[in-house]
Every structure is written in C-alpha cells, then in structure tokens.
Amino acid sequence: MEIRLLGPFEALRNDEPVAGLTGRVRTLLAVLALAVPESVSVDAIGQRLWGDDPPANLRPSVHTTVARLRTLLAPDVQVDTTAGGYALRIDPERVDVLRFVRLLEDEQLAGALGLWRGEPFGGVRSDWLEREQAPRLTETYLSATERWVDLELAAGRHDGVLPLLRELTAKHPLRESLWLRLLTALSRSGRPAEALTLYDELRRRLAEELGVDPAAELRAVHAELLAATEPKRARPGNVAPRQLPPGPARFTGRTQALDRLETLSAATGTGEGAALTILAVHGPGGVGKTSLALHWSHRAAEHFPDGQLYLNLQGYGPGEPTDPDVALDILLRGLGLTGAQIPERGPARTAMLRTVLADRRVLLLLDNARDAEQVRPLLPGPGCLVLVTSRSQLRSLAAREGARRVALDRFGPDEAAAYLTATFEPHQVEASSAETAELAELCGQLPLALAIAAERVTREPAAGVQALIGELRDHPDRLRVLDVDEDDDGALRAVFDWSYRVLAPEQARLFRLLALQPAQDFGVEAVAALAATSRRDAAQRLDGLVGAHLVEQAPGDRFQLHDLLRAYSIGLPEEPSVRREARGRVLEWYVHSALSGKSALDRTRPLLDFGVPAAGLEPLSFSDAPAAAAWFTRERQALVAAVHDAERHGHHTAAYRLAAALWPYLVYARALDDIFDTQQVALRAAQLSGDTAAEAATAHNAGRAYFQRGDLEQSFKHLDRSLTLFELIGDDRGRGWALTDLGRLYRRTGDPRAAIAHHQRAIVALRGADDPIEEARNHSNLATNYLAVGDPHEAVRQAERAVALNRAVGEQRAVAFSLDTLATARLATGADTAAVHAYEESLELSRALQDRWGEISTLTNLGRALHSTGDLPAARTHWQTALTLFESTGIPDTPDHNRATLRALLNA
C-alpha cells in the first residue's frame, strides 16, 4: 500500500480504491501519515479534525475515527495506540509527501517533482489541510520547480520548460518568479513579441489586483526584451543626453593637464570594442578641477555621439554625498528610462546602466566625488569614457579599475599671471607684470581665489591692482594664503574676506544665509523665502553675488554655492536666532510649494494638517499637473535634502509635512529610494514632535513605503500601528485610509477574503468622514477582490458604485479609471458588449480631458476586449490608433504601455 497525498488522495487496500474512506477519516490518515514515524496526540488530532468546534466527547470520537480507519487499511499498514495518541506504522518511503521531501533534500529534483499529481490532498475538505499543509507543500513544489527550470534554462533547453511554465502561471497568476522564468524562456526561444504581450498582461493584472508594478527583475527583463525587438532609436534608454554644463568663459593655462587627458583618452581608445576608460582629475578644493573637466569634455564631446552625462556627486558639498543608488537613478532617468523601468537598489541598477549603454559611446562626467566607493557602482561597460573629479586621490580606483589619474595643483606663476592678464585686458585694467605676479602670489595662485580677485579689480578698474594688493598684504591671514592644501580650506579666507567686505549690506546678509539652503543647487524663489524678501530683490542680490564670484549661476535660472564658499559663509558671524528663523522660512516655503504641487497631482485631502503659510511667505502655485510635475522633477534633490535637513536641525513639523507632500510625485516618478528614505525620516520626526495625529499619518505612509518596497511584514507592522493610533484619537478618515491599505496588503499576500473585510470596514469609516474619493477607491478594490474569489457579479456592483461616487464628486480621471475596472468585471461575467461600452466611455472621457496617456491606455485595453469578443479588425484599429498617438505626441514608452507591445499585438 502507498499513501498518496500529493495526487488524488487515495488509500489502497489490496490495490483497490476504498470507497468508504470519508472526509474525516481521510484527514486522519493525512494527519498520521505526515507525522510518520512520530505519534500524534489525541488533542492534536482533535484540533486538526474538528478545528475550533471539537465534540464534547473528544477522546471517544477520535477513537471511533481511528477504528474506522483501521478497517480500511491494507494488512501491512497499522495504526498503533501510543501513550496519549496514535502513530501510523508504515515505511516513510511509502508516503509520497515524505519521499518528496527526502528527494528534495538529496537534490533529486526530477524524482521529487515526478511525484506531484496536482493539488495536494485533492478531494478532502479539511480546514487544517487547506490552511496549514497545502500552502506549505505547494510552495515547496513551486520553489523546487523553479530550481529545476533554472537548471534547464542554463542547459539551453528553453522550449522544453515552456508548457510547464504556461500551466503554472495560469494556476498561480500573481507569482512573479514564475513569470520571470516564462518570459526568459520565451525570449531565449526566439519569441520576444509573445513575451512582451504576456508582460503587459501581467503588469495590468498586478496593477488592478494589487496596485503594484512588476518586480525589479521582471522590469529588467522587459527592458531587455524591448531592446531586442525595437530599432536602436526606440530602445529604452536610447536618449542621447547632452547634460554638460557650460564650460568656463575664460579658460587659460593647464596645457600639461589637457595634453595628459588627450593622451590617456587616445591611448585607451573610444571606438567600438574599446575598453572602459576612466580618467580621474584629483587635487585640493578651489584648484579648478571642474573647470578643467568641463573644458576638456566640451572639446572631446564630438567623439561621443551617443551623448554626454553629467552628475555632481556632492562629495564635499552640504549634507551627505550623493548615494550611489540615487546617482544611478538620476543617470538612468537622464538616459530616458522611467521610474518603473529602473530596478530597485543595488547591483541591478548598475547592471541596467551597463545594459542601456552597451554598444554606445557616452562620456560620463562624475564631478566632486567623495571616494572610489561612491564612483565604483556608477561605472558603465566598455566603449564609454568616465571622467571623475575629486579631492581624493582615488588610489583604489586606479588599482582595481585601472583609472588613469591626473593630479591638479595650483597654477604655476606663469599660468596665474596669464589668467589675470586675460581677465584684465577686456576691461582695460592696467597692471605691470610685477603687480600681476604679486597679486597672483597673494592669492596663493589658486584659481578660485584668482577669479574672485580679478572680478573685484575689473569692477573698479580706476582703483587699480595696487589697491587690492595693499589690502591683501594687511590681512591677518595673509601668510596662510600661501599654505593651501587638501585639508586647509581656511587658506582662502583672505580673498573671501576681501570680496565679502565690499558687498552691499543686503547682499552680505543674503550671503551669510545662503549656506542654509538644503542643497547645492537652488532657485530664486527659495532664496526669496530664505531672505524674507521679494523674488525681484532676491534676483538682484543674487546677481551681485554672481558678479563677485561668490555664487555660481547654473542653467535654468539656478544657482550654486561652491562648498568652500559655503564653509566660509557658515563661519561668518550671524545671530543663531536669525539663521534658525531663515532656515524655518525656507523649509516652510518648500513645504507649502510642495503641497501646492501635490494638490495639482492628486486631489485627495491630506491626512496631515499643513496649517497656513506664514505672513509674507509666497509659496509657488501650479495651474495643472504637468507644471507641478516639472517643478518636482527640477527640485527633487533639493526637496529630499530639505526633509533630511529639517529633521537634522529640529524642524520636525516641516520634515514630516514635506515628506507627506512629496508622496504623490515620488510615486508618480517611481522614485522608490526617495519614498522610503523620506518616510523613514518623517516617522522619526513625528515621534520626536510628540504629535499623535502626525505619528499616525506618518506611520501610515511608512507602511505604504514598505509596501512599495515589497517588505510586507514591516508594512503590516506600520499600518497596524497607524490604525491603532487613528482609533486612539478618533480619526475615522485616517482609520479608513489605514484599513484601505491593509486591504491592499492582504490582497498582495493572496488573501482576498481578508482584503474584502478590510475594504468593507474602510467604507463604513469613510462614509462618516465624508471622503467619497477614498471611498470610491475601496469599491474599486472590492471589485478586483471579488473577481479574485470568483464572484464577478458582485465585482460589477462594486465597480458601478465606484463609478457613481467618482461621478458625484466630479473626479473625471477617477471616473475613467473606475470605468476600466467595471469593464474588466463585466468581461468576467460574459457581458462583453457592456464591457466594451465601459471602455468606450472611458476613452471618451480621456479624450475630453485631453489626457493622451489615458487615451492610449484605454485604446489598448479596449482593443484587448474587442479581441476577446472575436472582433479582431476593430481591435487592430484601436491598437493602431494608440500607436499613432505614441508617435504623434512623443509620449515616452513605459513598461505599462509602449510601442513595442502595440506592435507585438498588431503582428500577433
């Protein structure tokens, strides 16, 4: 006799099926067989047979069931009575589950998988088996199957695994690891178009049922599929960036360094098949590394037709150096990838950068690097050239990656004199060679100091060079000017002091405050908030600081403060209260400007109380979502830095408010790193503030951040905490939001019934809180969950309720989205015509709103619905219209909808 639990559940006597094996007796056999050779206690048997409703006479009932089982077993299988329980006496090898586990432990995958005959415990209705044993065995089987598939793929047997993978993805449609292997097998079998179509179907299912995007590994495979199927001009990330900032207006000297860069770049080559070239310019602060790198890069740009990337790594700027993962995110977006295409943190991002830049010649300028560890993950593959500037000598980058280093020191006497002369001549400043040489020496022959000194002389040429020389001679730090090295930024103080002292009072006051800006790059409006003045006055004062070379003007009406000047600014005398008030103003300006942007992107009322802007503060406002998104994109680094800066300096309210206002944009941009980091800061700040309502709201966002990251355990923890706090303070609306996300979380874990219960509770809470928009979302979520449990008619009712609520509040885009959910539910009931009508109405709405992206999405879905009804010509018409819109509007591809998928559908 063999006991088969993995296939149709049968116990055999004399090789014949036992017709009298009832459900409870079958469950008892499974309980005992799974424990072989151990004994199972009467209490454990009772709990597993009857659950939480055991009979009053438990022991006699168990004994009766055991007696019935004994009469049905083959002679060589027995049930023995043990101390306190019962044990099945059978060779463990004759219980297929035990043999299955043993074969897996021995790495005999094929033998173990051969035992599988469908669902475990088929035909037995037992809560214990279904709840505790079947999921465990199914997970073990699927994990083993995936290991076997990996071996088959590695051996090149791609076609052989396709039938099994198709069957398993149909049975387990939300198991992304199976889809990853199916798409890989299809790609390697020469079927990339089919793989793209399946990816898009999976993406839609995950979005509709779980509210998430495919995992990073799947997005990476999708990017590779697009690259394989599209012409080079349409490959993801095939944007030819031109990111180099303007080079210095007057560049003199550095002949040896330029020649060295030319020689090293020519020696390693930049043509096809060339190795990766890494050049590193290192030297002390203020020595002109960035100017040299930009000047050479502009000269060399023609050798890199596929683009030039630039990134300031802020290795020695305000705050922490740029994290390599954040740097990779910026670089990949600069190459045209969307947030949904960018993998999560770690090596996957580096791999994506190398994939996107494969077979391309791109110049990558990494400015102001802290050390080799910051640079290493940003290195692309062969054919590109990376130019790094740093105060560090980057010795390990030279040793391990073969970087060729160019040391840069202060100007030599001749170079310094040539620089001053070239600057003086257009302004007709007269200076003898002796005066020029002495001024250069007093400036330490440091390019940054020379630029400031030269500007001062050209502004007042009548005073002449001699007046400046006299002032510098009398400066108490004059001797330190001659002692400039990598660790002594104070050596510039004499030149800085001199330039600062001639500023107008309001310019000087602004300069003392500029170091409080949270990021190295800032705009005029933020400066106006910092200085409590108008935009016009801020622009005039900045113009004066730019003229004095104390502030650098960047493209796009942006400004930067050199890190040495930032350190000098912080050291200038100013009342602590003045600086604290200024920092508070600029942080509040960021908060309320971001809140305006949030309102343009997302009409839902925030859970947090944002208060009102302080008197005189003028936050930005936005007319529409595109304008808000453009501002967020431009200010992203400054906004994230402001969250950290607010927490670091005790402005806790600003920290958690700003993080909350950033949420919709960061989700829109798929900036998962920033989402997670800012919400962690916000939660700490809220806890430190002692505001229970703020802690509840930030715990809710932290739970959502963990959900985005895929850490479901931590997501449950924070959402439960949020729910508890909202209940504590009696906030029904917050309670409804927490229940909503707990519902989504239960759906993600594969428990749609628990999800339904939470969404129903959320709706009750939200009705009392007058939040119809969030209530409508819960009805949409209920619809997808009812589809998951096989109740499409209830799904239709819930989706119809979502549409009605959104119509009532005039949320037209939400109406279009909920109509899409309604159409999906109607398709499941077989109401194909009604489903098509819902899609058509959604399409009409998108067109009325001039929402081209919504129009493309709906056209694609409507085409699929028509295809399912057999109307292929109409389906093709809609797909072709969507493709034409892509081409005419220039809307970029995303994993959700793209040209490649539409072409694959049209060609299928």
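**Figure legends: overview and close-up views of a predicted model**

**Figure 1. Overview of the chain.** The chain comprises 40 helices and 13 strands; helices (H or I, at least four residues) and strands (E, at least two) are DSSP runs, numbered from the N terminus. The model is predicted, so local features need pLDDT of at least 70 and side-chain atom pairs count only at pLDDT 80 or more, whereas totals for chains, interfaces and linings use all residues. Residues are numbered from 1 along each chain as its sequence is written, and side-chain values use heavy atoms, with hydrogens and water left out. Along the principal axes, the C-alpha atoms of the chain fill a box of roughly 120 × 65 × 65 Å. Of the 908 residues in the chain, 55% are buried; buried denotes under 20% relative accessible area, exposed over 50%, and partly exposed in between (1.4 Å probe, protein chains only). The accessible surface of the chain is about 37,600 Å², with 49% belonging to carbon and sulfur atoms; accessible areas come from the Shrake-Rupley method with a 1.4 Å probe, and for residues only the protein chains shown count as cover. Among contacts (heavy atoms within 4.5 Å) with a separation of 6 or more, 66% are between residues 24 or more positions apart. The chain carries 102 positive and 122 negative charges, whose mean positions are 2 Å apart. Lys and Arg count as positive and Asp and Glu as negative, while His and the chain ends are not counted; the place of a charge is NZ of Lys, CZ of Arg, CG of Asp or CD of Glu.

**Figure 2. The aromatic pair of Tyr500 and Tyr568.** The structure holds 13 aromatic pairs. Rings of Phe, Tyr and Trp (its six-membered ring) pair if their centres lie within 6.5 Å; planes under 30 degrees apart count as stacked, over 60 as edge-to-face and the rest as tilted. Tyr500 and Tyr568 pair edge-to-face, at 6.3 Å centre to centre and with 80 degrees between the planes. This pair links distant parts of the chain, 68 residues apart: Tyr500 belongs to helix H21 (residues 493–501) and Tyr568 to helix H25 (residues 563–571). Tyr500 counts as buried because its relative accessibility is 15%, and Tyr568 is likewise buried, with a relative accessible area of 5%.

**Figure 3. The aromatic pair of Trp589 and Trp631.** The rings of Trp589 and Trp631 are arranged edge-to-face, 6.4 Å centre to centre, with 80 degrees between the planes. Trp589 lies in helix H26 (residues 576–601) and Trp631 in helix H27 (residues 625–648), so the pair ties together parts that are 42 residues apart in sequence. Trp589 is buried at a relative accessible area of 2%, and Trp631 is buried at 2% relative accessibility. Ring pairs join Trp589, Tyr590, Phe622, Trp631, Phe632 and Tyr665 into a cluster.

**Figure 4. Arg748 over the ring of Phe707.** Arg748 lies over the face of Phe707, 5.6 Å from the ring centre. A charge sits over a ring if NZ of Lys or CZ of Arg is within 6 Å of the ring centre and within 35 degrees of the ring normal.

Figure 5. Most residues other than glycine have a negative phi, and most peptide bonds are trans. Val36 and Pro37 are joined by a cis peptide bond, with omega about 5 degrees; Pro37 is placed in the loop between helix H1 (23–35) and strand E3 (40–41). Leu394 has a positive phi, near 55 degrees, and lies in the loop between strand E9 (385–390) and helix H16 (395–401). Asp770, which is not a glycine, has a positive phi of about 55 degrees and is found in the loop between helix H33 (752–769) and helix H34 (772–788). Leu394 is buried, at 2% relative accessibility, whereas Asp770 is exposed, at 61%.

**Figure 6. The surroundings of Asp80.** Asp80 is part of strand E4 (residues 78–82) and counts as partly exposed because its relative accessibility is 24%. Leaving aside neighbours within four places in sequence, the contacts of Asp80 are Arg70, Gly85, Tyr86, Ala87 and Arg89. From Asp80 to Gly690 the C-alpha to C-alpha distance is 63 Å, and the two are 610 residues apart in sequence.

**Figure 7. The surroundings of Thr858.** Thr858 is located in helix H38 (residues 852–868) and is buried, at 5% relative accessibility. Not counting residues up to four places away in sequence, Thr858 touches Tyr839, Ser842, Leu843 and Ser846.
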